[in-house]
Amino acid sequence: MPPKVPVPQSSPSLTESISMATTREHDSITSLPQPLPLWLSPVYARHIVKGNFMTLSARPKVVEEAEWIAHHVVEHYRLLSNFVRVVIEKEQDGSAICNPTVCPTMSAGKYHSYTWLDSRHQPIELPAREYIALMQRWISGKIDNATIFPTDPSGVSYAPNPALVQDTLFRASGADSWVGKRSGFPKDFSSVCGTIFLQMFRVYTHLYWNHFVEPFYHLNLEKQLNSCFSHFVLTATALDMLKPDHLEPMQPLIDLWAANGTFPPQSKAYSYASLKRGTYFMQLGGAH
């Protein structure tokens with residue numbers, strides 16, 4: 001039997017909580033649906049492991065930056081694909097959890113909906129299932145393209161030690177240099193990877209807003225989802241692949257994770273969060 005869905009917390013009235021947050025912070029809180037999403041409860045925002053995820057995101061000094069970015073693109077896409085499979089694979093009766101009836105648009109809550117560009121580069125709304133399928137095809141095409149993600153091991157380069165390397169070739173900068181040039185990555189590599197991370201983030205937002213309870217909570221997979229997503233956010237922000245304005249649909253959860261210690265203070269994700277809002281959500285859930 002699947003676990004019974006608990007009753008989510010409702011936020012206090014404006015007069016009850018006016019002293020806890022600024023007007024701008026209240027605007028972001030009161031724009032959330034009532035009751036609050038289950039994933040904003042501290043009890044259900046937990047992880048399968050405890051520890052500092054920064055250790056998984058920090059680039060080793062000897063690894064070239066583009067090689068490190070490429071590694072994380074592939075690894076996070078693999079992890080996300082496992083969760084996507086749960087919602088889009090069809091059951092024996094031909095039905096799927098994420099389908100055009102349940103998810104007619106690629107949405108993330110009431111205020112965020114994503115469009116895809118058609119062959120004429122015009123934005124079009126698609127059912128979430130179709131959007132995700134196109135996203136997977138696009139990302140797989142980029143990863144499998146050896147001109148974007150080189151696979152020849154002879155082209156692998158190591159990060160130079162500025163204290164030891166004197167050759168100006170290793171200190172090249174400006175228009176004739178880019179991240180990954182020494183390892184054979186193309187000039188637009190960082191831009192492509194930024195778009196990949198953004199697309200993956202959009203899929204995560206849909207999974208949280210539309211499918212956290214069904215199926216992930218019912219399958220006892222919410223901690224696995226939280227663990228992978230928090231690692232994803234820490235990595236994407238550390239690599240400058242996601243900026244604060246990109247994070248808006250999941251900002252409340254990012255605030256909560258900063259306040260409860262999931263995001264270490266030295267991380268960019270922590271610096272992008274509001275501790276006041278995060279503490280507010282913790283207090284709503286009875287956490288201290």
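Q: What share of the protein's 288 residues count as buried?
A: In this predicted model, 44% of the 288 residues count as buried.

Q: How many helices and strands does the protein have, and what order do they come in?
A: There are ten helices and four strands. Starting at the N terminus, they run α-α-α-α-β-β-β-β-α-α-α-α-α-α.

Q: What share of the contacts with a separation of 6 or more comes from residues 24 or more positions apart?
A: That share is 72%. A contact here is a pair with heavy atoms within 4.5 Å.

Q: Why are helix 4 and helix 7 called roughly antiparallel?
A: Check the angle. Helix 4 (residues 65–88) and helix 7 (residues 222–238) pack at about 155 degrees, and their axes are 11 Å apart. Angles over 145 degrees count as roughly antiparallel, so helix 4 gets that label relative to helix 7. The crossing of these two helices is left-handed.

Q: Which residues meet where helix 4 packs on helix 7?
A: Helix 4 brings H72, H76, L79 and F83, and helix 7 brings Q224, L225, C228, H231, F232 and T235. Sorted by class, that contact of helix 4 with helix 7 has five nonpolar residues, five polar ones and no charged ones.

Q: What makes helix 6 roughly antiparallel to helix 7?
A: Helix 6 (residues 189–217) packs against helix 7 at an angle of about 165 degrees, with the axes 11 Å apart. The cut-off is 145 degrees, so helix 6 is roughly antiparallel to helix 7. Helix 6 also passes helix 7 in a left-handed crossing.

Q: Why is helix 8 called largely enclosed by the rest of the structure?
A: Eight of its nine residues are buried, so helix 8 is largely enclosed. The buried ones are Q251, P252, L253, I254, D255, L256, W257 and A258. Among the elements covering them are helix 6, helix 7, helix 9 (268–271) and helix 10 (275–284). After helix 8 comes G261, with a positive phi near 95 degrees.

Q: Why does P249 count as buried?
A: P249 has 5% relative accessibility; buried means under 20%, so P249 counts as buried. You'll find P249 in the loop between helix 7 and helix 8 (251–259). Leaving out neighbours within four places in sequence, P249 is in contact with W39, A108, H112, Y114, F201, T205 and W209. P249 and S113 are 136 residues apart in sequence, yet 9.9 Å apart in space, C-alpha to C-alpha.

Q: What makes H47 buried?
A: H47 comes in at 14% relative accessibility, and with the limit at 20%, H47 counts as buried. H47 sits in the loop between helix 2 (23–30) and helix 3 (54–57).

Q: Why is the pairing of H47 with S230 called a polar contact?
A: The side chains of H47 and S230 come to 3.0 Å.

Q: Why does D118 count as buried?
A: D118 has 18% relative accessibility, and buried means under 20%, so D118 counts as buried. D118 is in the loop between strand 3 (116–117) and strand 4 (123–124). A polar atom of the D118 side chain lies 2.8 Å from the backbone nitrogen of Q122.

Terms used: Residues numbered from 1 in each chain as written. Predicted model: local features only at pLDDT ≥ 70, side-chain atom pairs only at ≥ 80, totals over all residues. Heavy atoms only, no water. Axes fitted to C-alpha atoms, helices over the stretch in contact; angles between N-to-C directions. Parallel < 35°, antiparallel > 145°, perpendicular 65-115°, else oblique. Left-handed = near helix turned anticlockwise from the far one by under 90°. Nonpolar A, V, L, I, M, F, W, Y, C, P; charged D, E, K, R; others polar. Buried < 20%, exposed > 50% of the residue type's maximum accessible area, 1.4 Å probe, protein only. Polar contact = N/O pair within 3.5 Å; in protein donor to acceptor, adjacent residues only side chain to side chain.
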